[in-house]
Protein chains: 2
Amino acid sequence: MSLKLYCMGESGNAYKAALPLALSGLEWEPVYVDFFNGETRSKAFRKLNPMGEVPVLVDGDQVITQSGLIQMHITEKSGKFGGANPSEARDILRWVLWDNHKLSSQAGMTRFLMNFLPAEKRNADVIAFAQGRLAAAYGVLDAHLDGRDWIVGDTPSNADFSCCGYLFYPEPFGFERADWPAIDSWLSRIELLPGWRHPYDLMPGSPADRA
Amino acid sequence: MSLKLYCMGESGNAYKAALPLALSGLEWEPVYVDFFNGETRSKAFRKLNPMGEVPVLVDGDQVITQSGLIQMHITEKSGKFGGANPSEARDILRWVLWDNHKLSSQAGMTRFLMNFLPAEKRNADVIAFAQGRLAAAYGVLDAHLDGRDWIVGDTPSNADFSCCGYLFYPEPFGFERADWPAIDSWLSRIELLPGWRHPYDLMPGSPADRA
C-alpha cells in the first residue's frame, strides 16, 4: 500500500517529509490539507493529529507526525538518508533538532507573517525581530557548510532535508541565497539530486491557487 | 569521570538536560556559562558548540549538544526516561521535536524578551504575538495531559523533561499554571519526583546574581 502524506505545498515542514519521500524511491502520494480554510483546526484533522499540524504520514495503520519522525520512518523503510553509522545518525538528529528550534520554526512563521496574512495584520516589529533571529541561524548553517558538501557526512541526509525546508520558497521572508554563499551552493547541490522537485511541484497547493 | 553540563540556571533548554541528570542517579556537575556577558558568543565556547547554545554535555571525549540528544545520552547511560518500548521511544521523540518547534523555543524567547532585555528594548507587539502562539501550544499540551499522568506511557520520560523546560520559572512570560489545569497537575507530579529541584537550585546562575 502506498504511503500517504497529508500536506500542502505551502508548508516547508511538509516539504521536509515530501522531499525524502520523493528521493527515496518509495511509493507515496500526497493528500491535500486545506490549511488556509482551517482544515488543520477541524475535528477530523485533530483526530488524525492532535497537534493540529502537517505533515502527517499514514503507512497502513501507522500514523506518524512530526517531520523529524517521518524522516526516520522513510529511512527505516528505504535505508537512505539516515547516515553511515550511529555517530552520523546522532549528528543528523542534532541538526534536525536545531532546525526545529532555530531555523524552520522561525522561517515558516516569518514567511507566513509576510506573505499569507492580510496586509493590515502584518506587524513590522514582529517581522524584523524574527528576521534578526533567523540571520543568526543562517550564520550558523552557512559557517557549518563552508567547506562541506552536506550537513553530516558525505551524502545527503535528513539533516539536509530538514534544514532546507523553507529555503526554496519564492515568497520573500528576508532570506537571500546570495547573502549566504555556502548555503547557496548547498541548495544548488540539493536541486541537482535525481528526483528533486520544488515544493510547489511536489505537493498540491500553492499561493497561485488562491490568486 | 563525572559528566559535565555546560549550563546556566536561567536556561530552560539547559534545565531539560539538568533535570534528567539530577533524577537519573548519574554523577554530574554543572559548569557555569556566563551567557549574560556573552560567553556563548566567544571563540572558546563556539569551539565547544558551533551552534553557540547551552546545554553542552561533556562525557570524557564526547561532546554532545542539543538537549534532546543529551537526554538520549542520559537514557543510554542510565536506562531511564526513554520509554518502555520502541513505540514509546518514538512517541517521546515526537514530543521532544514538538517542544523544540512550538513550546520551549517560543517560551524561552518570550521570557527573555519580557525579563532579560532592557525595558526600552521590549516590544509589546512581539511579546503579544509570541504569547498568542504559546497559548496554542499550551492548549495542545493541556488537552493531551487531560486524563494522563505523563506525556508518554506510565512513567516520567524525556518528553516530560523537555516540555516542562520553561514552565517552572518564576519570571512572568504569560504562562499561568492556573489557566491550564492538566499542565498544572502534571507539573506538580514532576515536582514530587525524588530528587526534583527547581532550575535555580540545580544550575548556577539566576537573576538574583545580577540584581
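Visitor: How many helices and strands does the secondary structure of chain A come to?
Guide: This is a predicted model. From the N terminus on, the elements of chain A run β-α-β-α-β-β-α-α-α-α-α-α. The secondary structure of the chain therefore comes to 8 helices and 4 strands.

Visitor: What radius of gyration does chain A have, and what does the globule rule give for 211 residues?
Guide: The C-alpha atoms of chain A fill a box of roughly 50 × 45 × 25 Å along the principal axes. Chain A is as compact as a globular protein of its length, because its radius of gyration is close to the value of the globule rule. Both the radius of gyration and the rule give 17 Å.

Visitor: What share of the contacts in chain A with a separation of 6 or more comes from residues 24 or more positions apart?
Guide: Of the 211 residues of chain A, 55% count as buried. Leu57(A) and Leu5(A) are 52 residues apart along the chain, with their C-alpha atoms separated by 4.6 Å. Across chain A, residues 24 or more positions apart account for 70% of the contacts with a separation of 6 or more.

Visitor: What percentage of strand does chain A have over residues 85–211?
Guide: UniProt, in an unreviewed entry, places "domain: GST N-terminal" at residues 1–82 of chain A, and that stretch is 38% helix and 22% strand. The annotation "domain: GST C-terminal", also from an unreviewed UniProt entry, covers residues 85–211. Over residues 85–211 the chain is 57% helix, and the strand content is 0%.

Visitor: Is Leu57(A) buried or exposed, and at what relative accessible area?
Guide: Leu57(A) is found in strand β3, residues 56–59. Beyond four places in sequence, Leu57(A) touches residues including Leu3(A), Leu21(A), Val63(A), Ile64(A) and Ile70(A). A residue counts as buried under 20% relative accessible area. Leu57(A) is therefore buried, with a relative accessible area of 0%.

Visitor: Which residue is 91 residues from Gln71(A) in sequence and 8.7 Å from it in space, C-alpha to C-alpha?
Guide: Gln71(A) lies in helix α3, residues 67–78, and counts as buried at 1% relative accessibility. Leaving aside neighbours within four places, the contacts of Gln71(A) include Lys16(A), Val96(A), Asn158(A) and Phe161(A). The residue at 8.7 Å and 91 positions is Ser162(A).

Visitor: Which residues are in contact with Ser11(A), leaving aside its neighbours within four places in sequence?
Guide: Ser11(A) lies in the loop between β1 (3–7) and α1 (12–24). Although in a loop, Ser11(A) is buried, with a relative accessible area of 4%. Its contacts are Val54(A), Tyr166(A), Tyr169(A) and Met203(A).

Visitor: Which residue does a cis peptide bond join to Val54(A)?
Guide: The bond has an omega of about 0°. In chain B, a cis peptide bond joins Val54(B) and Pro55(B), with omega about 0°. In chain A the residue concerned lies in the loop between α2 (43–48) and β3, and the partner of Val54(A) is Pro55(A).

Visitor: What is phi of Gln66(A), a residue other than glycine?
Guide: Gln66(A) is found in the loop between β4 (62–65) and α3, and counts as buried at 6% relative accessibility. For Gln66(B), phi is near 75°, and this residue counts as buried at 6% relative accessibility. Phi of Gln66(A) is positive, near 75°.

How values were computed: Residues are numbered from 1 along each chain as its sequence is written. Chains are lettered from A and ligands numbered from 1 in the order in which they are written. This is a predicted model: local features need pLDDT of at least 70, side-chain atom pairs count only at pLDDT 80 or more; totals for chains, interfaces and linings use all residues. Side-chain values use heavy atoms; hydrogens and water are left out. Helices (H or I, at least four residues) and strands (E, at least two) are DSSP runs, numbered from the N terminus. The radius of gyration is taken over C-alpha atoms; the globule rule is 2.2 Å times the number of residues to the power 0.38. Buried means under 20% relative accessible area, exposed over 50%, partly exposed in between (1.4 Å probe, protein chains only). Contact means heavy atoms within 4.5 Å. UniProt positions are given in the numbering used here, feature names are shortened, and annotations may be inferred rather than shown by experiment.
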